[in-house]
Amino acid sequence: MLEKLFKLTENHSSVRQEVVAGLTTFLTMAYIIFVNPAMLADAGMDAGAVFVATCIAAAIGCLIMGFVANYPIALAPGMGLNAFFTYSVVLDMGHQWQTALAAVFCSGVLFMILSLLKVREWLMNAIPASIRIGIAAGIGLFLALIGLKNAGVIVDNPATLVGLGDVTSFPVVMAALSFVLVIALVKFGHRSAVMVSILAITALALLFGDVEYAGLVSMPPSVAPTFLQLDFAGVFDVAMLSVIFAFLFVDLFDTSGTLVAVAQRGNLLDKEGKLPRSDRAMLADSTATIAGSMLGTSTTTSYVESTAGVAAGGRTGLTAVVVGLLFLGCLFISPIAGMVPAYATTGALLYVAILMLSGLTQVDWDDITEAAPVVVTTILMPLTFSIAHGIAIGFITYAAIKLFSGKVKEISPAVAVLALLFMAKFAFS
């Protein structure tokens, strides 16, 4: 049955090889079951319900990816998108989390339509690489700022906006230790470095009495507090247009980039350098996003950590199916997730920030008209505390610089339209 479903022999793999690959991928990305509930709880959502939604949304995405697309690519609620959901859409813009879930749902539907109509590839080619790089790097800095803020490393300062917190406090010391531990484990090749760091810092917090022991295993919490709580009435607000676009673009860039990266690592591209069945992979992503929003979590997307599983031998969808089943198994460890303090995830956020900032090496720094929009997009996301504002100003900056630099031909119709829409949003909001 497995041979027929996943074509193991054709892909030079075996059940054992795929199981090992699935376990490897899971260990590299399992930190999301601790980070996502804590982050969305800041938006006022029930942490237990979000924990269940995170596990089930990840499982749905992985199972569809495995059975329908037959690729060793795992999915889960995306880092950066969850931060945008909480700190930009809810806390900064003042929308209810129910409205934010509806926006995630709409972005998932748009993603599905773009994939089914084959518009995705055209849109990706129309968006300049410099903007895509700037968005990824900006989200990285945004995550770093959130991690440092939540741990008390960075605090508000009336004179300078931000300042250094009490570096001798327990949370700050633990946050620093979590970061150092992650980097050291990654350096020595530990696939589960991020998860080990989170659990180790949580154990220290228990030892020093900073958190209370709540057990290890229990029945899953109720998902009722977030299930089908989407509020579509607020989505028709003009201000939500940029929010939906932001969810859509970031998911589109994340998924496309991840698919290419994983496929290249596993030699899964065809002779023309394209990914067969990419429409099915996109369908898995969009379906998981829609399902996740209905369950009560932010955008579900493909994880670049899947390359770890591919490096371990994963070549078929069986790898993704194994990851999905492991996420379902995690439903019974909610007490552990509930004990994780905010500072225990600081190392994870900073590590993800490093990975996302690494793309800046691909910028053509010799072309100032390409480099400038990247810098503007990157720095304005954390400084405005808004991914949506960073994306909007990035598009406007790119179009304006190319226009006034005599390079109007480099402005694609898609970029021109989006820049005008974002300008109108700022003008009339």
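A disulfide is a covalent bond between the sulfur atoms of two cysteines. I then checked Cys 62. Its closest cysteine sulfur is in Cys 55, 11 Å away, so the two are too far apart for a bond. Cys 62 is buried, at 0% relative accessibility (buried is under 20% relative accessible area, exposed over 50%, partly exposed in between, with a 1.4 Å probe and protein chains only).

A note on the source: this is a predicted model, where local features need pLDDT of at least 70 and side-chain atom pairs count only at pLDDT 80 or more, while totals for chains, interfaces and linings use all residues. Residues are numbered from 1 along each chain as its sequence is written, and side-chain values use heavy atoms, without hydrogens or water.

Next, I looked up His 190. I found it in the loop between helix H9 (170–187) and helix H10 (193–207). Helices here are DSSP runs of H or I, at least four residues, numbered from the N terminus. His 190 is partly exposed, with a relative accessible area of 44%. I also compared His 190 with Met 423: they are 233 residues apart in sequence and 46 Å apart in space, C-alpha to C-alpha.

Last, I took helix H8 (residues 129–151) and helix H18 (residues 387–404). They pack at about 150°, with axes 10 Å apart (axes are lines fitted to C-alpha atoms over the stretch in contact, and angles run from 0 to 180 degrees between N-to-C directions). H8 and H18 are therefore roughly antiparallel, the word for angles over 145 degrees.

Terms used
Helices (H or I, at least four residues) and strands (E, at least two) are DSSP runs, numbered from the N terminus. A disulfide is a pair of cysteine sulfur atoms within 2.5 Å. Angles under 35 degrees count as roughly parallel, over 145 as roughly antiparallel, 65 to 115 as roughly perpendicular and the rest as oblique.
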